[in-house]
Structures are given as structure tokens and as C-alpha cells.
Amino acid sequence: MNVLVACEESGIVRDSFIAKGHNAISCDILETSTPGPHIQGDVSDILKYKWDIIIAHPPCTYLSNSGVCHLYQKDDGLGNGERAINKERWVRMYQAKIFFNKILNANCDKICIENPIPHKYGIGKTYSQLIQPWMFGHAESKATCLWLKGLPKLEETNNVKDEWRALPKKEAQRMHYLSPGPNRAKLRSKTYSGIAEAMANQWG
Ligand SMILES: C[S@@+](CC[C@H](N)C(=O)[O-])C[C@H]1O[C@@H](n2cnc3c(N)ncnc32)[C@H](O)[C@@H]1O
């Protein structure tokens, strides 16, 4: 199968499909951090080619529920309770939504887009499935939504929820407590290997 892994610099999903014998390539505006077939550039330019499956991880900064508070300015404290909109943030949110939909509407029969829980102003809550890393062998929590076209829901492979629950809070919420630094965003957005392997095994 010809597999396009869009918006992936880590190569994790790409390499899981390659390990199953597929012709997979990742694409990101960044170079890949793991050597392998990779196109560095805007994925919009290559969506038109004939792919058997597209798996995409588009940026979530302006679409996810955790960032919804930034759509409005802070309360001015004047007591009327009204908050002005943050125009720049709304523009960026619409740009992110257009990019997301460009991938979802690509001419390909099988598409999966992965993103955190969205807020109601962007793509809305019309995702197909919500998964957690603890469903795929990682004792961690990070609610992740999948928008699926022509693909069945991903089945859990190794449920370790009880192990995750038994962990001290700081370990159980490892991603949340990652120390600040230049690589924090990259580390937080890396796909879990158990999820990547499940995608390759079940959809490959
Ligand atoms: C949320 S991160 C996903 C990271 C991914 N899960 C991984 O394991 O590498 C979003 C990625 O989209 C990339 N990106 C943003 N705009 C892009 C575009 N127009 N074309 C290709 N990649 C893009 C970013 O550089 C970033 O690596």
C-alpha cells in the first residue's frame, strides 16, 4: 500500500507501516528526526497524488479544547463580564480548520486524522472515535480523537488502564508535567508507538 503520513516529523507511524511491508512516506515542514522516507514541505502539495491511505496529525494549537480560552481576551476587570475576542487567534483557528478539512476531503478512500478533543468553534465534536494510550500498552492518559473515512475504528490491543490508575499522579500525567523547554511541544505531540503499531496492523 502507498501510505502518506501527513504532518509527522517523528517517523513513528511511517516506520510502523514500513515494518509491515508497505510503501510509507512521512511529510512535515520539519525534517524527520528518524531517518527514513520523508518529504520536507507543505503536505497540501502532495495530497493530490494517489495514496491508498492517509494518516494525518495536523497542528492542534488553535483547534483543541485546551486552547479555547485564548479565543477571548482576558476579562478587563471593568465589571461588565464581557470579553473582547482575540482576532488573531480566530484567524489562526480558521486557517487551522481549513487545513484540517483539506486533508479530510483529500481524494483518498481511507483517511484518518488524529487530534486532541476539539472545541466547538473549529472542527466540532464530530470525531469517529476517542482513544487513550492506555488502550495500546502505554500506562498514560492523553485523550486523542480520530476522524475516520473508509476505515474501521481502531481496536484496543493491550489495555493497561489498571496499571495507569495505580501510578502516582506525576507519572500518570507524565505528558502534562513535562518540563518546559524547546522540545516540549515535539515530545508532547509524538504519536505513541502502540497506537502506530495498531494502525499498521489493523489498517495496513
Ligand atoms: C501536532 S504535530 C504532530 C507530530 C506527529 N504526531 C509526530 O509524531 O511527528 C503537527 C506537525 O504538523 C507539522 N505541520 C504543520 N503544518 C504543516 C504543513 N502545512 N505540512 C506538513 N506538515 C505540517 C508540524 O511541523 C508538526 O510537526
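The structure is a predicted model, and every value below is computed from it. Strand 7, which spans residues 144-149, is mostly covered, and it pairs in the antiparallel sense with strand 5 and with strand 6.

**Strand 7 and its partners**

- Of the 6 residues in strand 7 (residues 144-149), 5 are buried.
- Strand 5, made up of residues 111-116, runs antiparallel to strand 7 and is joined to it by 6 bridges; within this pairing, cysteine 112 stands opposite leucine 148 of strand 7.
- Strand 6, covering residues 129-131, is likewise antiparallel to strand 7, with 3 bridges between them, and here glutamine 129 stands opposite leucine 146 of strand 7.

**Helix 1 against helix 6**

- The crossing of helix 1 past helix 6 is right-handed.
- On the side of helix 1, the contact is made by Ile12, Val13, Ser16 and Phe17, while helix 6 contributes Ser193, Ala196, Glu197, Met199, Ala200 and Trp203.
- Sorted by class, the residues in this contact between helix 1 and helix 6 comprise 7 nonpolar, 2 polar and 1 charged.

**The buried residues of helix 6**

- Helix 6 has as its buried residues Gly194, Ile195, Ala196, Ala198, Met199, Ala200 and Trp203.

- Cysteine 7 is located in the loop that lies between strand 1 (2-6) and helix 1.
- The relative accessibility of cysteine 7 is 17%, and because buried means under 20%, cysteine 7 counts as buried.
- Leaving aside residues up to four places away in sequence, cysteine 7 touches Cys27, Asp28, Val43, His57, Pro58, Pro59 and Phe99.
- Cysteine 7 and glutamate 155 are 148 residues apart along the chain, and their C-alpha atoms are separated by 23 Å.

Key: Residues numbered from 1 in each chain as written. Predicted model: local features only at pLDDT ≥ 70, side-chain atom pairs only at ≥ 80, totals over all residues. Heavy atoms only, no water. Buried < 20%, exposed > 50% of the residue type's maximum accessible area, 1.4 Å probe, protein only. Helix = DSSP H or I, 4+ residues; strand = E, 2+ residues; numbered from the N terminus. Pairing = 2+ DSSP bridges. Left-handed = near helix turned anticlockwise from the far one by under 90°. Contact = heavy atoms within 4.5 Å. Nonpolar A, V, L, I, M, F, W, Y, C, P; charged D, E, K, R; others polar.
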